[in-house]
Amino acid sequence: MQNHLLQILALFAMETPVSLAAEDIRNEKVKVLRSMRPLQLEDVVVGQYKGHSKGAKSYPGYTDDPTVSNDSLTPTFAAAALFINNARWDGVPFLMKAGKALNTKRAEIRVQFRHVPGNLYKHNFGTDLDKATNELVLHVQPDEAIYLKINNKVPGLGMKLDRSDLNLLYRARYPREIPDAYERLLLDAIEGERRLFIRSDELDAAWALFTPVLKELEEKKIVPELYPYGSRGPVGAHYLAAKHNVRWGDLSSEDS
């Protein structure tokens, strides 16, 4: 979370750099990190996966590992709500989560657009938040893709709404082999290209954001919430999202 996800957040939220030169891009990333509100413990959820049986197959919990203490408080999951105190992102929550032994393995950015005040179609949505919220999804890995989830009217004489995906799946659009992420980084390192690498002041800013809350978790001996192996993670993560009036984007039926 401190490394990969915060890198993605900084790249997504930064202002347009003056050029594509490495230092110009990295300057903007550092500005974002330095503008972030200190992370509060009440905006963090930690979890630890427990053993789970599905059919005839059993999955071990974290503390079932013989090298792990039975009373270990080491988190295997974390979710956090972060805020950027600048003119563009003031009041916009950035929710991120990462964990082990979850139901899926993927990295993505989901932009949930705000609901329109006085929506004329509110009675058509009811409590279906999937249809009430448009989303832009940047699928980083696996299966790189960009798609927009939009509401549309179903053809016909009645007023029935549906949600559709405008999808750019890279492997379908560009059938040639797409380089692996680490292949790209190795090539950049060989060529001396530094745009995707962390600068020392960026590393300092990232740790300055997470270190205080990590110390607080350790000093207060916060017990991580248990979640079953192969699940979506601890329930507390959903309460965290609800607290900020958003929802995790991977709860819709096609994402299960």
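The answer below starts with the helix and its partner, then turns to the cavity and the sheets.

A: This is a predicted model, in which local features need pLDDT of at least 70, side-chain atom pairs count only at pLDDT 80 or more, and totals for chains, interfaces and linings use all residues. Residues are numbered from 1 along each chain as its sequence is written, and side-chain values use heavy atoms, without hydrogens and water.

The helix in question is H1, residues 4–13; helices (H or I, at least four residues) and strands (E, at least two) are DSSP runs, numbered from the N terminus. Its helical partner is H2, residues 22–34: the two axes come within 9 Å and cross at roughly 105°. Axes are lines fitted to C-alpha atoms, for helices over the stretch in contact, with angles from 0 to 180 degrees between N-to-C directions. H1 and H2 are therefore roughly perpendicular to each other (65 to 115 degrees).

On the H1 side, Leu6, Gln7, Leu9, Ala10, Leu11 and Ala13 take part in the contact (heavy atoms within 4.5 Å). From H2, Ile25, Lys29, Val32 and Leu33 meet them. By class, this contact has 8 nonpolar, 1 polar and 1 charged residues; Ala, Val, Leu, Ile, Met, Phe, Trp, Tyr, Cys and Pro count as nonpolar, Asp, Glu, Lys and Arg as charged, and the others, Gly among them, as polar.

H1 also contributes to the lining of a cavity. A search of the whole structure finds 1 cavity of 30 Å³ or more, and the largest cavity has a volume of about 40 Å³. Here a cavity is a set of points on a 1 Å grid where a 1.4 Å probe fits but cannot get out, and lining residues have an atom within 4 Å of a point; the volume is the space filled by probe spheres set on the points. Its lining consists of Gln2, Asn3, Leu6, Gln7, Leu33, Ile198, Glu202, Leu203 and Ala206. Two or more of these residues come from each of H1 and helix H7 (200–219), and H7 gives the largest share, 3 residues. The lining has 5 nonpolar, 3 polar and 1 charged residues. Leu6 and Gln7 belong to this lining and also to the contact of H1 with H2, as does Leu33 of H2.

E4, residues 77–82, runs antiparallel to E5, and 6 bridges join them.

Beyond E5, Ala101 is placed in the loop between E5 and E6. Although not a glycine, Ala101 has a positive phi of about 60°. E6 (107–112) is an edge strand, as is E9 (161–169), in an open antiparallel sheet of 4 strands ordered E6-E7-E8-E9. Its twist averages 20° from one strand to the next. Within that sheet, 5 bridges join E7 (residues 135–141) to the antiparallel E8 (residues 145–153), with Val137 partnered by Tyr147. The loop between E7 and E8 holds Pro142, which is joined to Gln141 by a cis peptide bond with omega of about -15°.

Technical notes. Parallel < 35°, antiparallel > 145°, perpendicular 65-115°, else oblique. 1 Å grid on protein atoms, 1.4 Å probe; cavity = no way out; pocket = protein on both sides within 12 Å on 5 of 7 lines; lining within 4 Å. Pairing = 2+ DSSP bridges.
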